[in-house]
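Reader: I would like to learn how to read a structure feature by feature. Could you walk me through one?

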Amino acid sequence: MIYLNGEFMPIEKAVIPVLDRGFIFGDGVYEVIPVYSRLPFRLGEHLERLQASLDGIRLENPHEDSAWQEKIGRLVELNEPEDQSLYLQVTRGVARRAHAFPARTTPTVFIMSSPLLPPTPNQINNGVGAITAADNRWARCNVKSTSLLPNVLLRQLAIDAGCAETLLLRDGQLTEGSASNAFVVSNGILLAPPKSNLMLPGITYDLVLELAAANNVAHELRNISEAELAGADEIWITSSSREILPVTTLNGRPVNDGRPGHVFKRMHALYQEYKAQVMRTAHG
Ligand code: PDD
């Protein structure tokens, strides 16, 4: 079951007009929210980022947070899996094709649920491969825009190389992955690029840094050079769908000894414990 413009329906019944500006221009924003044991994880943070993305494209939020929460809660109930991945999209609506904003249109609101596919034990225990590529996206990567063609092309480079992710370098500095944030452990210190317009402010990124701060994991937000990435003790990627994954080969070479590092193992355990605690609190 999905939600489209005020109605819940089976996905097969859901259609949008061909003149939707999401279809014509990629003129919209989105969120991906994991649901564990029927509980949308960090929903408040996702709705806050949705607001920031909508502000970033000058589109009025069609709903109050309480209305979003209600729709999302209902959709989670209408779908079977205990663990789900919610995809939420708002576009500037349907209008005759012209670049300028249409004068009066109703935004298109779409929410769908898919079964959540968590990282596999093999990915967690052995890590994944990554490659690097030049970050050729626009300069507003902090907006979670549905215009994802550069990300799609960059991700495909990784797939073509038999890897899981493409890590992006802009002016010789690590920004993020094609659909993930990136962390590096160097000289025992967890490093991440500071938030800027050149990366998405990840919900998982924030949580990892919160857990690092709360558990005395030495960490620092600063730029990470290509050379530092290549010589890193550990590299991780994070996202709402992949949680935290260790990158154990980069451009075909092992990262350190080619095994997930001990800082990763600690953070992965802290992350799972945090999730379990949130579930316990929510479900009494
Ligand atoms: N992508 N950076 C980019 C470019 C992303 O697309 C994503 C997530 C992230 C991680 O953000 P978060 O921790 O909030 O999921 C970083 C989602 C999962 C997607 O496009 O499917």
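This is a predicted model: local features need pLDDT of at least 70, side-chain atom pairs count only at pLDDT 80 or more; totals for chains, interfaces and linings use all residues.

Reader: Which residues make the nonpolar surface patch with Val-94?

Author: The patch is made by Ile-16, Val-18, Leu-19, Phe-23, Ile-24 and Val-94, and its area is about 530 Å².

Reader: Let us turn to the ligand. How many residues surround the ligand, and which are the closest?

Author: There are 20 residues around the ligand, and the closest are Tyr-30, Arg-49, Glu-176, Thr-204 and Ser-240. Tyr-30 has a polar side-chain atom 2.7 Å from an oxygen atom of the ligand. For Arg-49, a polar side-chain atom is likewise found 2.7 Å from a ligand oxygen atom. Ser-240 places a polar side-chain atom 2.8 Å from an oxygen atom of the ligand.

Reader: And how much of the ligand's accessible area does the protein cover?

Author: On its own the ligand has 480 Å² of accessible area, and the protein covers 89% of that.

Reader: Next, charged pairs. How should I read them?

Author: Side chains of opposite charge can pair when their charged atoms come close. In this structure, a search of the whole model finds 15 salt bridges. One of them joins Arg-38 and Glu-82, with the closest N and O atoms 3.1 Å apart.

Reader: Where in the chain are Arg-38 and Glu-82?

Author: They come from distant parts of the chain, 44 residues apart. Arg-38 is in the loop between strand S3 (28–36) and strand S4 (39–40), while Glu-82 is in the loop between helix H3 (65–78) and S5. Arg-38 is partly exposed, since its relative accessible area is 22%. Glu-82 is also partly exposed, at 45% relative accessibility.

Reader: Which salt bridge has buried partners?

Author: Look at Arg-137 and Asp-135: their closest N and O atoms are 2.8 Å apart, forming a salt bridge. Both of these residues are buried. They also take part in a network of salt bridges that links Asp-135, Arg-137, Arg-170 and Glu-176. Glu-176 is listed, too, among the residues closest to the ligand.

Reader: What is the distance in the salt bridge between Glu-220 and Arg-222?

Author: In that salt bridge, the closest N and O atoms are 3.5 Å apart. Glu-220 is partly exposed because its relative accessible area is 35%, and Arg-222 is partly exposed with a value of 28%.

Reader: Which strand pairs with S8, and in the parallel or antiparallel sense?

Author: Strand S7 (residues 128–134) pairs with S8 in the parallel sense, over five bridges. As a landmark, Ile-131 stands opposite Thr-166 in S8.

Reader: What about a polar residue inside a helix? Is His-46 buried or exposed?

Author: His-46 lies in helix H2 (residues 43–56). It is buried, with a relative accessible area of 1%. Its side chain is joined to that of Glu-31 by a polar contact of 2.7 Å.

Reader: Finally, the backbone. Where is a positive phi found in a residue other than glycine?

Author: Ser-37 has phi near 50°, and its place is the loop between S3 and S4. At 29% relative accessibility, Ser-37 counts as partly exposed. Asn-187 also has a positive phi, near 50°. Asn-187 belongs to the loop between strand S10 (181–186) and strand S11 (189–192), and it is exposed, with a relative accessible area of 73%.

Definitions and conventions
Residues are numbered from 1 along each chain as its sequence is written. Side-chain values use heavy atoms; hydrogens and water are left out. Patches are made of residues with over 30% relative accessible area and no salt bridge: like charges are joined within 9 Å, nonpolar side chains (Val, Leu, Ile, Met, Phe, Trp, Tyr) within 5 Å. Accessible areas come from the Shrake-Rupley method with a 1.4 Å probe; for residues, only the protein chains shown count as cover. A salt bridge is a side-chain nitrogen of Lys or Arg within 4 Å of a carboxyl oxygen of Asp or Glu. A residue is near a molecule or strand if one of its heavy atoms lies within 4 Å of it. A polar contact is a pair of N or O atoms within 3.5 Å; within protein, one must be able to donate a hydrogen and the other to accept it, and residues adjacent in sequence count only if both atoms are side-chain atoms. Helices (H or I, at least four residues) and strands (E, at least two) are DSSP runs, numbered from the N terminus. Buried means under 20% relative accessible area, exposed over 50%, partly exposed in between (1.4 Å probe, protein chains only). Two strands pair if DSSP finds at least two bridges between them.
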